[in-house]
Amino acid sequence: MTTFPKDFLWSASTAATQIEGGWNADGKGESIWDTLVHDGTGKIAHGENADISIDFYHRWREDVALMKQMGLKAYRFSISWARVLPEGIGKVNEAGIRFYQDFCDELLKNGIQPLVTLYHWDLPTALYRQGGWKNPVSPDWFAEYAEVVSKALAGRVGYWLTFNEVDSVIRHPFTTAGIIPSRVPEDKMLETCYQALHHQLVASAMVVKDCHEIIPGSKVGCMLTKLTTYARTCAPDDELATQAKNLENLFYADVHVWGEYPRLILKMFERKGIHVEMLPEDAATLKAGCVDFVSCSYYMTMTESVDPNAERTPGNTVLGVKNPYLPSTDWGWQIDPKGLRYSLIELYDRYRKPLMVVENGMGAKDVVEADGSIHDPYRVEYFRQHISEMGKAIDEGVEMWGYTTWAPIDLISASTNQMSKRYGFIYVDQDDMGNGTLARSRKDSFYWYKKVIASNGEDLD
């Protein structure tokens, strides 16, 4: 049986846009998630949007009390940039700052360590209208915002992530970087995305250095969408296609950890005619801002094949070739607990840095029984298997600081914009059209995770 570290951070995770609501409350500015709905830039499926979400902004004390009951040791959440700086830069919204200070104080009072993500896909609309992350000034915008937040939360927050799933700009450029594909020439789309990514990588390095100076002893990490891919067959062409896919996935963390671009990626840019403008000082900035730890989201694995007829299945905003040896969720995401162990060993061997899993979970349809109970054995089994495999990785020598489920409470799914795709241990009374009381209730999995935490991972039954 695995003995988890005594100070292991059993945690759960959310994002501001998916839970907070209060989109214009108390001086908050508009973010691109609001813009999606309000100016017709895009439409959100069903009736859900970020206007109300699950109204965490007004119910957070109730939700923290439930987190305490569950026994969480840490809670990962993101700061809404526009709640702190309504225009993205310039005037600070003191009400927004107080909200996050009060919230962190409440967490700490209840024995829960805050783990803050500075950017979880919610660029202020005012900055989006100035080019978003395509703008070469964007690293300075982010550094200004991060300085305001880190100074406000110094003494309250010791663990920080700069960017959520920094690799996602290639998959969904608007929510990640404020890039609208229809407004970019098709032959320049990849180059535009990689340019925005470069600005984010530079911004991250700037903030790592600044945070270390503002909060001595703080730990600042990066976050990767861990998209582990297996070869569909042992045919050499399938293996080569798989290798290329895995190297591309890892390169984002490579830059954060080593402070430089891998040569293979620079050669890929050259082959594809992609020119990324890099300032002379960027190389030194990247080297000076290497992260303290590596974190990842992990939901599923994929396979890859050069066969154009290979059946593909969806995953975390990606498509991969279906693995016939794995079951799938109701939304087609393949369930691979052993892939988590594989991924953790790979990451630790590559980077030799402490790891955190900061998202892991499954979307599922829950049924509320006549007596109000919610039986979700499928969720318990999913987490039981993944935690068990994580423990085996620790037994093999992987250094881990914490494990964070997605999510403690039902929220609006970012991939489908549904409430019916439920992830939480806590049920929220709201349907896909935004109807419901928003009342919270505990699922069976709530009590199971409470037992896991109380036993420090020893009791998974």
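Analyst: In this predicted model, the contact of α9 with α10 brings Y194, L197, L201 and S204 of α9 against E248, F251, Y252, V255 and H256 of α10. By class, the residues of this contact divide into six nonpolar, two polar and one charged. Two packed helices are described by the angle between their axes and the distance between the axes. For α9, which spans residues 189-214, and α10, which spans residues 236-258, the angle is about 35 degrees and the axes lie 9 Å apart. An α-helix has 3.6 residues a turn, so residues three or four places apart point the same way.

Two residues of this contact, S204 of α9 and H256 of α10, are also among the residues that T162 touches. T162 counts as buried because its relative accessible area is 0%, where buried means under 20%.

The elements that give two or more residues to the lining are α10 and β8, the latter at residues 302-304, and the largest share, six residues, comes from α10. By class, the lining of the second largest pocket has eight nonpolar, two polar and five charged residues.

The largest pocket has a volume of about 420 Å³. Its lining is made up of 25 residues, of which W33, W121, T317, A414 and S415 are the closest to its centre. Here the elements that give two or more residues are α2, residues 32-38, and α8, residues 173-177, with α8 providing the largest share, three residues. Sorted by class, this lining holds twelve nonpolar, ten polar and three charged residues.

Another helix to consider is α5, residues 94-109, whose 16 residues reach 22 Å from the first C-alpha to the last, close to the 22 Å expected at 1.5 Å a residue. Its buried residues are G96, I97, F99, Y100, Q101, F103, C104, E106 and L107, and what covers them includes α3 (56-70), β2 (74-78), α4 (81-84), β3 (113-119) and α7 (138-153). Just after α5, G111 takes a positive phi of about 75 degrees.

Some details of the backbone remain. Most residues other than glycine have a negative phi, and most peptide bonds are trans. R352, although not a glycine, has a positive phi of about 55 degrees, and R352 sits in the loop between α13 (337-351) and β11 (355-359). R352 is classed as exposed because its relative accessible area is 62%, where exposed means over 50%. N456, also a residue other than glycine, has a positive phi near 50 degrees and is placed in the segment after α15, residues 444-454. The peptide bond from W406 to A407 is cis, with omega near 10 degrees, and A407 is found in the loop between β12 (400-405) and β13 (426-428).

How values were computed. Residues numbered from 1 in each chain as written. Predicted model: local features only at pLDDT ≥ 70, side-chain atom pairs only at ≥ 80, totals over all residues. Heavy atoms only, no water. Axes fitted to C-alpha atoms, helices over the stretch in contact; angles between N-to-C directions. Helix = DSSP H or I, 4+ residues; strand = E, 2+ residues; numbered from the N terminus. Contact = heavy atoms within 4.5 Å. Nonpolar A, V, L, I, M, F, W, Y, C, P; charged D, E, K, R; others polar. 1 Å grid on protein atoms, 1.4 Å probe; cavity = no way out; pocket = protein on both sides within 12 Å on 5 of 7 lines; lining within 4 Å. Points joined across faces, edges and corners; volume = space filled by probe spheres on them. Expected span 1.5 Å × (residues − 1). Buried < 20%, exposed > 50% of the residue type's maximum accessible area, 1.4 Å probe, protein only.
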